[in-house]
Amino acid sequence: MDNMGKMVEELLHELSVQPLFSKHIGTFTLTNYSFFLLIAFVLTVVFFLVGSRRLSLVPKGIGNVVEWAVSFVRDGLCIDMLGSEDGRKYFPFVGTIFFFVLFNDVLGLIPGAKPGTGTLGTTFTWGAIVFLVYNGIGIKKSGFVRYIKSFVPSGTPVVLMPLMFLLEIVSHFLRPLTLGIRLYANMYAGHIMLGIFAILVTISLESLSVGSAVTGGLAFVMHVIMYGFEFFVAGLQAYIFSILTTVYINGALHATEH
Amino acid sequence: MEAIIPKVPEVLVALASFIVLFVLLSKFAFPPVTTMLDGRAEKIRESLEKAEETRIEAERLLEEYRVQMAEARSEATKIIEQGRTVAENMKNEILAKAREEAEAEKLKAVEAIQAEKVAAMSELQASVANLSVAVAGKILGQKLTAADHAALIERSIAEVGSLHEE
């Protein structure tokens, strides 16, 4: 049991943010998560730059995959929610979020690698970017005063106006936090779960008994199932982050209409 | 608590990589893909429109051909009917004419036969009379007077006439 506690401790240490080439984290220190974030960045760039140069009227190979991915986000997400004009206009932003989150999530599933999205530093930053961008879009579309006024729905009694305004402000500020925490928590919890099952398998292998073989077998099966499930979660979280971003942009574009 | 506080270097890397990725993708990767998608969608739309136009044109032509075929069929039936009527009329005319001609020929032949018959009868009467007189003269061995001669001829003619009638 002590052994297991030690292994869990090691797992948590392994999953914590650590400097890669130094002992302490300074302003420009490269951390383990940032390192994999940069690898995901390179992979995303290579995938899209190579794929976008292998397009043909009859799609095939990597060009086909890139086209399908772009069409999925642009048509199935942006244009569906924002309309043809705004959907096309804001697709590059939403698309960047979707593909960057997806590549990071999937990269983290390779044994030994980590998801760049498995740390709050990354997910909060992207949440903050979304916050700034959608509010910027709203202010650009309606003007600062009208946009701020839109936080209080028309028809609200005067007495309730300050409360409504406050609630709306809080709700807006909670958005980047929830975006960041949701993505981080899913990635982190998924990796903890995979790690726990891997530890169970390892411990079971150490003691040769029927009970430990059964436990180890079950833990192994669960590990495989959870590993497959994590791929699904990786795609799902990328989709949720992007769809919420699109919803926020849509809300900002039509803020003054109600 | 420290674990959940975002680390500055991570924020910087996440921010910088996101901005650079956004610029790279939106400048170099997404435009060719979206252009290809839109181009293909446009091409498919055009092809579908063209196919629809062709289908409508084909249906119009088919309808036109059907009308023309029906007209041609009705025209052919009319022509056949007219031909049949003309042929029937011609046949009737020819038959009537042939019948008339045959009737005329027959009449002419009957008249000729009748005339021949009358002529033959006259000739026969004269011959019979002369022959009778000669035979009678020889049988009787005597000369007949003019009055006897005449009476004998009359009687012979009457006898020959009655024979002919029988």
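In helix 1 of chain B, B:Arg55 and B:Glu59 lie 4 residues apart, about one turn of the helix; helices here are DSSP runs of H or I with at least four residues, numbered from the N terminus. The two residues form a salt bridge with closest N and O atoms 2.7 Å apart, a salt bridge being a side-chain nitrogen of Lys or Arg within 4 Å of a carboxyl oxygen of Asp or Glu. B:Arg55 is partly exposed at 40% relative accessible area, as is B:Glu59 at 46% (buried is under 20%, exposed over 50%, partly exposed in between, with a 1.4 Å probe and protein chains only).

The model is predicted, with local features requiring pLDDT of at least 70 and side-chain atom pairs pLDDT 80 or more, while totals for chains, interfaces and linings use all residues. Residues are numbered from 1 along each chain, chains are lettered from A and ligands numbered from 1 in written order, and side-chain values use heavy atoms, without hydrogens and water.

Over all chains the structure holds 14 salt bridges. One of them crosses between chains, from B:Asp38 in helix 1 (residues 8–140) of chain B to A:Arg74 in helix 3 of chain A, at an N to O distance of 2.9 Å. A:Arg74 is buried, at 4% relative accessible area, whereas B:Asp38 is partly exposed at 30%. A network of salt bridges links A:Arg74, A:Asp75, A:Arg88 and B:Asp38.

Between chain A and chain B, 3 salt bridges are counted. The contact (heavy atoms within 4.5 Å) takes 44 residues from chain A and 30 residues from chain B.

Key
Helices (H or I, at least four residues) and strands (E, at least two) are DSSP runs, numbered from the N terminus.
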